[in-house]
Amino acid sequence: KGFDAGAAGAVTAPASSAALKIPPPAAKPAGPSDEEKKKAEGHYAVLKQAVLDGVAKGRKEEVFVELFGALNRVKVVDADDAALTVLFQGNRVPLKWNELPAARFYGIAACYSDNHLMLYEFCLGNGLEREAEKEAMLR
């Protein structure tokens with residue numbers, strides 16, 4: 001019973017970690033899996049519809065988008081199936097949905113949807129790890 005400290009009373013450790021047979025860390029997959037990508041594609045349409053519905057109900061959120069080579073804070077003023085229209089320096093600028101990078105689409109969709117599981121899976125399937133972690137905390 002108790003701990004055997006050895007003959008000299010000193011605790012001994014193995015000479016190297018190799019003696020402990022510690023397995024190497026598992027390799028992290030390079031990017032989202034095919035299943036994660038497929039889920040994200042399905043969620044895109046639902047999240048886009050949440051934006052369309054919100055704008056139709058009068059919600060004009062402020063979002064960040066790249067315009068003219070720089071990240072800008074703009075106000076959403078309209079949306080239809082083809083484009084999201086934002087107000088930038090007093091001008092209405094249409095942004096085609098299919099030209100929005102996934103990170104910007106997520107930022108916009110997050111303003112109009114509170115379905116954090118869907119937002120999480122969208123981020124995961126698009127390789128947006130930091131954003132996925134944020135949504136994981138909210139779900």
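Two residues are said here to be in contact when they have heavy atoms within 4.5 Å of each other, and this idea of packing will guide us through the chain. The structure is a predicted model, in which local features need a pLDDT of at least 70 and side-chain atom pairs count only at pLDDT 80 or more, while totals for chains, interfaces and linings use all residues. Residues are numbered from 1 along each chain as its sequence is written, and side-chain values use heavy atoms, with hydrogens and water left out.

The chain holds four helices and four strands, and from the N terminus on its elements follow the order α-β-β-β-β-α-α-α. Helices (H or I, at least four residues) and strands (E, at least two) are DSSP runs, numbered from the N terminus. Of the 139 residues in the chain, 32% are buried, where buried means under 20% relative accessible area, exposed over 50%, and partly exposed in between, with a 1.4 Å probe and protein chains only.

Helix H1 covers residues 34-56, and its 23 residues should span 33 Å at 1.5 Å a residue, which agrees with the 34 Å between its end C-alpha atoms; the expected span is 1.5 Å times one less than the number of residues. Among the buried residues of H1 are His43, Leu47, Val51 and Val55. An α-helix has 3.6 residues a turn, so residues three or four places apart point the same way. What covers the buried residues of H1 includes strand S2 (70-79), strand S3 (83-88), helix H2 (102-112) and helix H3 (116-125). Just after H1, Gly58 takes a positive phi of about 100°.

Turning to H2, we find that Phe105, Tyr106, Ile108, Ala109 and Tyr112 are buried in this helix, and that the buried residues of H2 pack against H1, strand S1 (62-67), S2, S3, H3 and helix H4 (129-138). With H3 in particular, H2 packs at an angle of about 175°, the two axes being 10 Å apart. That makes H2 roughly antiparallel to H3, a term used for angles over 145 degrees; the axes are lines fitted to C-alpha atoms, for helices over the stretch in contact, and angles run from 0 to 180 degrees between N-to-C directions. Where the two helices meet, Ala102, Phe105, Tyr106, Ala109 and Ala110 in H2 touch Leu119, Phe122 and Cys123 in H3.

Helix H2 also contains Cys111, which is partly exposed, with a relative accessible area of 26%. Leaving aside residues up to four places away in sequence, Cys111 touches Arg59, Glu61, Glu62 and Val63. The C-alpha atoms of Cys111 and Val63 are separated by 7.9 Å, although these residues lie 48 residues apart along the chain.

How values were computed:
Parallel < 35°, antiparallel > 145°, perpendicular 65-115°, else oblique.
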